[in-house]
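Open your viewer and get ready to select residues by number. This tour goes stop by stop.

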Amino acid sequence: MPQYFGKLPTTDQPWTKIGQVQAWKQYDRTIIFECGESKFSITILAPNLVRVRLAPHGDFASRPSWAVTRDDLEWAPCSFQVHDTDAEVQIQTDLIHIYIDKSTSRITCFDFEGRPFAKDAETNMGFRLGAVAGWKCIEAQEHFYGFGERTGLLDKRSEVKTNWTTDALDYGSLTDEMYHAIPFFIALRPNLAYGIFFNTTFWSQFDIGAEQPGVWKMETRGGELDYYIIYGPKPAQILDTYTQLTGRMPLPPKWSIGYHQCRWSYESEEIVRTLAQEFRTRRIPCDVIHLDIDYMRGFRVFTWSPARFSNPEKLISDLKQNGFKAVTIIDPGVKYEPEANYHVFDEGIKNDYFVRQADGRLFHGYVWPDKSVFPDFLRAEVQKWWGDLHKSLTDIGIAGIWNDMNEPAINDRPFGDGGIHIWFPLNAPQGGENNATHAEVHNLYGLSMAKASAEGLIKHRPNERSFVLTRSGFAGVQRYSSVWMGDNQSQWEHLEMSLPMLCNMGLSGVAFVGCDIGGFAGNATAELFARWMQIGMLYPLMRAHSAMSTARHEPWVFGQRVEDICREYINLRYQLMPFFYTLFWEASTTGAPILRPLVYEYPNDVKTYTLSDQVLLGSNLMAAPIYRPGVEHRAVYLPDGTWFDWWTGEKLEGATHILAHAPLERMPLYARAGAVIPMQPVTQYVDEHPINELQLRIFPGSSEYILYEDDGNSFKYQKDIYLTTKISVSTEAERVIVDIAQRQGLLGAPPKRKIIVEVVGFGKQSFEDDGNSQQLEFG
């Protein structure tokens with residue numbers, strides 16, 4: 001057998017395949033099948049949601065559900081029928097049929113049109129020493145999306161995706177393990193889609209037809225196979241159910257949807273003040289300045305450098321007066337510093353809050369402060385302690401926390417001495433009473449740190465929403481934090497790759513996502529930065545960031561032409577704030593992504609299946625960015641229907657490709673017929689002044705739109721104190737009718753404002769907004 005040069009021959013341990021069904025019994029909504037020594041169960045949770053578990057040795061483990069927020073018993077009762085025949089057991093819900101072949105124990109799902117999905121392969125479920133796996137068929141024309149944070153293009157068919165959180169420094173298009181591990185994907189073909197959530201926190205892996213064409217495999221080093229099948233038939237329905245399972249994002253503060261400026265590092269108070277003044281003087285909107293590790297005293301978390309930030313409270317107060325929020329970075333590594341009066345270390349040691357090895361020795365590794373110890377965030381009391389440490393920051397006005405290095409990223413020696421990345425020993429006990437080891441909870445470390453930060457900020461900023469950002473996480477991270485894609489590079493390839501990365505995160509239930517605009521590592525050219533700012537305007541999280549030793553990446557450092565481009569697109573971001581905020585509300589209530597691949601809205605159009613260089617904001621605004629140097633024209637696919645050029649108002653018909661002109665100042669942007677795009681005047685920061693004018697930019701067609709509004713800052717929306725306005729558009733012959741329904745909700749009326757309704761190609765009308773219904777006719 002041929003071998004790669006230098007590799008020794010290996011033989012894989014064979015899999016033990018489960019046997020035939022010998023008996024089965026129903027317990028309420030769960031059916032348990034006995035297959036000799038093994039057992040598997042099927043639980044019907046909803047008409048489109050099924051949980052499958054395999055206990056290789058017959059005992060279903062009682063274990064914590066780390067990512068799933070809704071227990072099986074918490075789902076509303078769901079009617080289904082079970083039928084037994086000589087050859088199979090049949091389960092029927094209101095949406096799907098499930099057949100279990102008794103002779104092979106294979107599971108096959110069917111929609112009501114008789115189309116199979118999530119169909120077990122010839123080898124269906126099996127186990128071997130240290131692993132358990134399941135195999136299913138890849139149907140013709142089936143494509144695969146999601147998988148959390150992934151490089152490369154959008155569709156992941158024929159790829160292997162490993163779920164193990166890793167500091168993926170210098171990642172590229174072929175990188176497998178990344179900062180986030182989200183074992184969830186959506187499989188799609190015309191007229192049918194289903195999702196798989198692999199409910200394991202251990203090391204796991206999906207092989208989507210790479211090893212065996214026509215078969216996909218899921219494997220985990222946990223002791224049990226446990227997965228959920230979610231039927232669509234459209235991606236939106238799958239994400240709605242998946243985010244009921246793993247949770248949805250809370251509404252962030254509106255200011256966090258504005259522009260963020262960051263660098264490793266703005267290393268002194270004077271530099272931060274100068275930076276803030278540059279934004280205001282140049283009239284470039286900005287809401288947030290991030291402070292990287294150099295604000296600390298010797299990289300000790302929850303401290304300030306007395307030399308470089310001598311009066312942080314006054315700095316934060318002055319920034320606030322100038323319309324800026326400050327976000328500080330926090331890493332999990334706590335400097336090992338006995339008898340040095342470092343309160344974080346002393347409290348952690350006193351209360352035994354740090355991770356220990358199996359033999360009881362304190363684990364240590366090396367990060368920014370050199371020798372460091374690490375909190376066990378899997379323990380509730382440690383989460384509370386860590387959350388309370390944030391009080392020292394919130395008391396002086398810090399409005400958000402940026403969690404970094406939490407995969408965890410650890411070296412075996414000081415950073416300046418080279419070394420290799422390590423993590424806690426796999427047998428290190430974590431989680432306290434849960435009796436877990438690091439092998440089980442490694443993927444949960446970043447998620448648990450984000451949870452501690454989010455809950456601490458809620459406690460210590462009880463009247464205001466806070467912002468949390470994390471580099472690492474697991475399924476359900478959207479409940480606590482926004483996410484960025486880690487340390488990218490100032491390369492055109494990374495600019496292109498950002499769109500499918502963020503879209504696949506959105507298709508994995510994580511909507512508040514972004515990439516470092518301009519690239520973190522390396523030096524952006526003027527052209528690259530201008531194009532990246534245009535694309536960055538689309539990111540749910542719009543943050544520019546750059547690394548130490550690279551050139552500065554603020555909007556004005558590339559010359560007047562690029563500064564003007566940056567200003568124009570940041571201005572557009574702020575004009576679109578009502579539109580973005582309504583999309584965030586939609587994400588928080590339905591799980592829908594904010595930035596969407598076209599396949600999400602057009603799942604039956606096969607031309608969208610591998611289209612990763614065009615994106616949608618919501619359903620109706622489509623961008624076709626430029627992601628290569630020197631390019632001023634590009635092909636754009638217009639899906640079925642009528643579209644309008646955002647900049648010129650030109651009417652275009654799909655489904656077809658067009659050639660778009662895109663000089664450096666223009667990113668091709670299109671609105672779907674019927675689109676209602678709420679806009680406001682440019683502000684230099686979100687809360688600069690009350691908004692006294694709201695423009696509804698409408699493109700002729702037929703549609704309904706709900707505009708969402710609340711105070712943008714408090715938690716009152718959780719008590720249903722907000723406003724919604726339904727806007728209906730209809731086109732009849734040469735007339736466009738716009739119906740604005742009476743405003744609904746418990747929030748008091750917004751400040752007095754004018755509503756300007758523009759129907760593109762038909763003109764504008766305006767009225768004073770008193771909350772009552774209005775009908776306007778154009779044409």
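**Stop 1**

Start with an open sheet of 9 strands, paired in parallel and ordered 35-34-32-27-23-22-21-37-36. Select its edges next: strand 35 (513–514) and strand 36 (516–517) each pair on one side only. The model you are looking at is predicted.

Now select strand 21 (residues 259–261) and strand 37 (residues 542–544). They pair in the parallel sense over 3 bridges. Pick H260 and look across to strand 37: its bridge partner there is R543.

**Stop 2: L319**

Select L319, in helix 3 (residues 312–321). Is L319 buried or exposed? Its relative accessibility is 5%, so L319 counts as buried. Show what surrounds it. Leaving aside neighbours within four places in sequence, L319 is in contact with V272, A276, I289, F324 and A326. R128 and L319 are 191 residues apart in sequence, and their C-alpha atoms are 59 Å apart in space.

**Stop 3: the cores**

Which residues have the most contacts inside the largest nonpolar core? Select W386, L576 and V757; the core itself has 196 residues. Stay on V757. Not counting residues up to four places away in sequence, V757 touches L696, I698, V738, I740, G763, K764, Q765, F767, L776 and F778. Then move to a second, separate core of 42 residues, which includes F40, V89, M125 and F185.

**Stop 4: two cis bonds**

Zoom in on E407 and P408. A cis peptide bond joins them, with omega at about 5 degrees. P408 sits in the loop between strand 27 and strand 28 (410–411).

Go on to G654 and A655. A cis peptide bond joins this pair too, with omega at about -5 degrees. A655 lies in the loop between strand 43 (651–653) and strand 44 (656–661).

**Stop 5: two positive phi angles**

Select D28, in the loop between strand 2 (23–27) and strand 3 (30–35). D28 is not a glycine, yet its phi is positive, about 55 degrees. D28 counts as exposed because its relative accessibility is 63%.

Finish at A118, in the loop between strand 10 (116–117) and strand 11 (120–128). Its phi is also positive, near 50 degrees, in a residue other than glycine. A118 counts as buried because its relative accessibility is 2%.

Notes. Residues are numbered from 1 along each chain as its sequence is written. This is a predicted model: local features need pLDDT of at least 70, side-chain atom pairs count only at pLDDT 80 or more; totals for chains, interfaces and linings use all residues. Side-chain values use heavy atoms; hydrogens and water are left out. Helices (H or I, at least four residues) and strands (E, at least two) are DSSP runs, numbered from the N terminus. Buried means under 20% relative accessible area, exposed over 50%, partly exposed in between (1.4 Å probe, protein chains only). Contact means heavy atoms within 4.5 Å. Two strands pair if DSSP finds at least two bridges between them. A nonpolar core is a set of buried Ala, Val, Leu, Ile, Met, Phe, Trp, Tyr and Cys residues joined through side-chain atoms within 4.5 Å.
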